[in-house]
Amino acid sequence: MDTVTGHPLYDADGNKLGKIVDVLGLYGGADDIGWLAVKVGLRGTKLVPNTGVEPGEDGFTTPFTKDQITSAPKVPPHFEPAGDDREALLSHYGVRLAGL
């Protein structure tokens, strides 16, 4: 796939979560993490770490579950999370960065 945006995202169990509408924060640092902004129906747009995301036949699959994603902390979905928002998301998803 040439691009990530516009494709569906599936959870670890194969459930379709929604459509990827943006990619945030991929700058290439050793301890960097990117985020996928995913429109998840009536629940709005959620940020999902790109950690472990794999391409599939018609979209992408994340190792996180639907419950993890839909219960993620509410943060502004159109900006790379920083400060307390970033820490809350990393903690929620259980993601540890190499440099921390």
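# Reading a sheet and the helix across it

Mentor: Let's begin with Arg86, which is found in helix H2 (residues 83–93). Helices (H or I, at least four residues) and strands (E, at least two) are DSSP runs, numbered from the N terminus. This is a predicted model, in which local features need pLDDT of at least 70 and side-chain atom pairs count only at pLDDT 80 or more, while totals for chains, interfaces and linings use all residues. Residues are numbered from 1 along each chain as its sequence is written, and side-chain values use heavy atoms, with hydrogens and water left out.

Trainee: What is the mean pLDDT of the protein?

Mentor: First the term: pLDDT is the predictor's confidence in each residue, from 0 to 100. The mean for the protein is 87, and 88% of its residues reach 70 or more.

Trainee: How many bridges join S1 to S2?

Mentor: Three bridges join these antiparallel strands, and Leu9 stands opposite Gly18 in S2. In their hairpin, with five residues between the strands, Gly14 takes a positive phi near 90 degrees.

Trainee: And in which sense do S3 and S4 pair?

Mentor: Strand S3 (residues 35–39) pairs with S4 in the antiparallel sense, over five bridges. You can follow them on the model: Ala37 has Leu47 as its bridge partner in S4, and Lys39 stands opposite Thr45. The hairpin of S3 and S4 has five residues between the strands, and there Gly41 takes a positive phi near 65 degrees. Strand S2 (residues 16–24) is also antiparallel to S3, again over five bridges, with Ile20 opposite Val38.

Trainee: Back to Arg86: is this residue buried or exposed?

Mentor: Buried means under 20% relative accessible area, exposed over 50%, and partly exposed in between (1.4 Å probe, protein chains only). Arg86, at 18% relative accessibility, counts as buried. Of the 100 residues in the protein, 37% are buried.

Trainee: Which residues of H2 are buried?

Mentor: Arg86, Leu89, Leu90 and Tyr93 are. They cover an arc of only 100 degrees around the axis, which puts them on the same side of H2; the arc is that of the directions from the helix axis to the C-beta atoms. On the other side of H2, Asp84 and Ser91 are exposed.

Trainee: What do the buried residues of H2 pack against?

Mentor: Contact means heavy atoms within 4.5 Å. The buried residues of H2 pack against S3, S4 and helix H1 (66–70). Just after H2, Gly94 takes a positive phi of about 70 degrees.

Trainee: Which residues touch the most other members of the largest nonpolar core?

Mentor: In soluble globular proteins, nonpolar side chains tend to be buried together. A nonpolar core is a set of buried Ala, Val, Leu, Ile, Met, Phe, Trp, Tyr and Cys residues joined through side-chain atoms within 4.5 Å. The largest one here has 23 residues, of which Leu9, Trp35 and Tyr93 touch the most other members. S2, S3, S4 and H2 each supply at least two residues of this core, and S3 gives the most, with four. S3 is also mostly covered, with four of its five residues buried.

Notes. Pairing = 2+ DSSP bridges.
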